[in-house]
Amino acid sequence: MNNNYNYAFLDEGSKREIRRSVLKAVAIPGYQVPFGSRELPIGRGWGTGGLQLTLSLIGPDDILKVIDQGSDESVNAVNIKKFVGLCTDIKTTKNTREATIIQTRHRIPEVPLRSNQILIFQVPIPEPLRVVEPREEITKKMHAEKDYSPIWLQLYESLVKYKKVTIPTEYPCMVEGRYVMNPSPIPKFDNPKLNKADCLYLFGAGREKKIYAIPPYTEVISLAFDDVPFERESFAGKICCLCGSKNTYLDEMFDAQTGEKFYQCSDTSYCQEVRQNVSK
Amino acid sequence: MYLNEIPELTIKNLTVRYGDGCPDCQNNLEKNRCTVCETIWAANDISFDVYPGEVLGIVGESGSGKSTLMRSLYFDFFPTFGTATLKNFKDGEANIWDASVAEQRMIKNTIMGMVYQNPILGLRMDYSAASNIAEKIIAAGSRNAFQMNARVTELLEAVEIPTSRMSEPPKNFSGGMQQRVQISKALANNPAILLLDEVTTGLDLSVQARVLDLIRKIKAKHGISILLVSHDLAVIRMLADRTIVMLDGKIVESGLTDQILEDPQHAYTQQLVHSLI
Ligand SMILES: Nc1ncnc2c1ncn2[C@@H]1O[C@H](COP(=O)(O)OP(=O)(O)OP(=O)(O)O)[C@@H](O)[C@H]1O
Ligand SMILES: [Mg+2]
Ligand SMILES: [Zn+2]
């Protein structure tokens, strides 16, 4: 641990302020709480929102896992782990079950999270209404007045044009019947994991200076018309070529030589775990 | 003819002013502008009732305040003075311009429907025609796509837009079609009052005739009250039961349309009627 910096890099005052914002976010599920986003030695847009949450919450007993697109080994994930390791002395892990804090971009792990775990999302665009309204002062009002017709209209337009809802990621959810929330760029596949979960979900957007939360056991419903049910990506008939899983989110790959399509679990540590259990 | 009826809409002293005004404005008006302080009185102390099922024509030259009046009713801007009450909103006891944002939205979605003079104000040009209409139905609370489709289809058929084009955006449509999409949208939630601001202006005569015919059908079928704004007395003559004549932000004459046409009192109306013959 590098002692030239405060523990977990941020000064204690900053961390306390961020934790206060987290408390407010937990108290109002799905509501975007503004916070004084700090500068970090990582470019904004590279997960500084999530990282500030991690740094504010982490303590000596924590075990940290960082994933990017489901992978523990991507450059971004490794760099964030290295950085947190430099300014704390915490243990890091690839094992989802072992981690107390998981920082992620794009995925929720396949292993169901427990009540002693926190999943921290790095969020690029926190505002779910941005797609229908560019002006912040208007989207704020829309939330305040629970005026969500434009986002429903977006869904309807998609039905008119394509006969189905075509939003692939950042699929909007209604949190506890009150706020429409952007679940960050997770695939639709992961949306149901947000509903009535055992763990705490925290969302940090560094560039946009917003924090929001889904406390444990909160109702999180993906928006859908009564007669057109919400649908996740379907991987029917496809299996992971490494571990044989049929029920995970799969990445599509191409064989460089043959050009043939194949599939792999996007959650690399889960994939490994399945393989180890099989070989045991 | 209306004596025993409760008005659908009552407007009292509606005034929309651009500028702060001065103590002597009303004595120094040149058209609608005060020569002393340059304040523009776009609508100047307008009062009238709209009765159930009637078509009330509003006629007046360009700049007389017709759109100002209509758009105030639809909450696009708020009057400097005045009240408006609706039979269907708090038993006609509350001024709609004092209503909460949520109440205003409710009024716009369920009690009134608006067709703008300029379709760009009334339509999302990049969304499909179907969505433009569904927007109203969604705003009124529907979350059932099948029911919405059915209603959208019904509304488009009523204005004679082929349902094969419902997924196209209005920007691909002719002016007359755009106005008909606006009319469908305005009727989506069966409002009690339809606000039509120059629906036929700028359209070819044959297209005009079709839209006017449509309005006549709506009137016959829905028993809806219609505020019909036009600077064209021919349009008013064809459709309006009663007529209000506006000039420089004020009402200068009002009465049964036939009566106004046969025996205009105000010099401006006389000139208008004369030019019609
Ligand atoms: N923002 C504004 N500032 C100053 N004056 C305005 C503003 N908006 C409208 N006006 C004036 O208010 C008056 C009434 O305008 P309005 O659009 O209501 O007229 P209209 O009867 O609908 O005319 P038209 O037949 O051309 O549609 C005009 O003199 C107009 O110039
Ligand atoms: Mg006008
Ligand atoms: Zn003046």
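In this predicted model, B:Gln117 is partly exposed, with a relative accessible area of 41%. Together with B:Ser67, B:Gln117 coordinates the magnesium ion (ligand 2). B:Ser67 contributes its OG atom and B:Gln117 its OE1 atom, at 2.0 to 2.2 Å. The two residues sit in separate parts of chain B: B:Ser67 belongs to helix α1 (residues 66-73), while B:Gln117 lies in the loop between β7 (112-115) and α3 (119-122). The pair therefore ties together parts that are 50 residues apart in sequence.

Charged side chains come next. Side chains of opposite charge can pair when their charged atoms come close. Over all chains, the count comes to 36 salt bridges, and a few of them are worth a look in turn.

In chain A, A:Glu133 pairs with A:Arg135, and their closest N and O atoms are 2.8 Å apart.

A second salt bridge in chain A joins A:Glu136 and A:Lys210, with 2.9 Å between the closest N and O atoms. Here the bridge links distant parts of the chain, since A:Glu136 lies in helix α4 (residues 136-144) and A:Lys210 in strand β9 (residues 210-214), 74 residues apart. With a relative accessible area of 25%, A:Glu136 is partly exposed. A:Lys210 counts as buried, because its relative accessibility is 8% and buried means under 20%.

B:Arg33 forms a salt bridge with B:Glu38, where the closest N and O atoms are 3.3 Å apart. B:Arg33 is partly exposed, with a relative accessible area of 30%. B:Glu38, at 51%, is exposed; the exposed class begins over 50%, so the value for B:Glu38 falls within that class.

Salt bridges in chain B can also share partners. In this way B:Glu160, B:Arg210, B:Asp213, B:Arg216 and B:Lys217 are joined into one network.

Terms used. Residues numbered from 1 in each chain as written. Chains lettered and ligands numbered in written order. Predicted model: local features only at pLDDT ≥ 70, side-chain atom pairs only at ≥ 80, totals over all residues. Heavy atoms only, no water. Donors = N, O, S within 2.8 Å, 3.2 Å for Na, K, Ca; no water. Helix = DSSP H or I, 4+ residues; strand = E, 2+ residues; numbered from the N terminus. Buried < 20%, exposed > 50% of the residue type's maximum accessible area, 1.4 Å probe, protein only. Salt bridge = Lys/Arg side-chain N within 4 Å of Asp/Glu carboxyl O.
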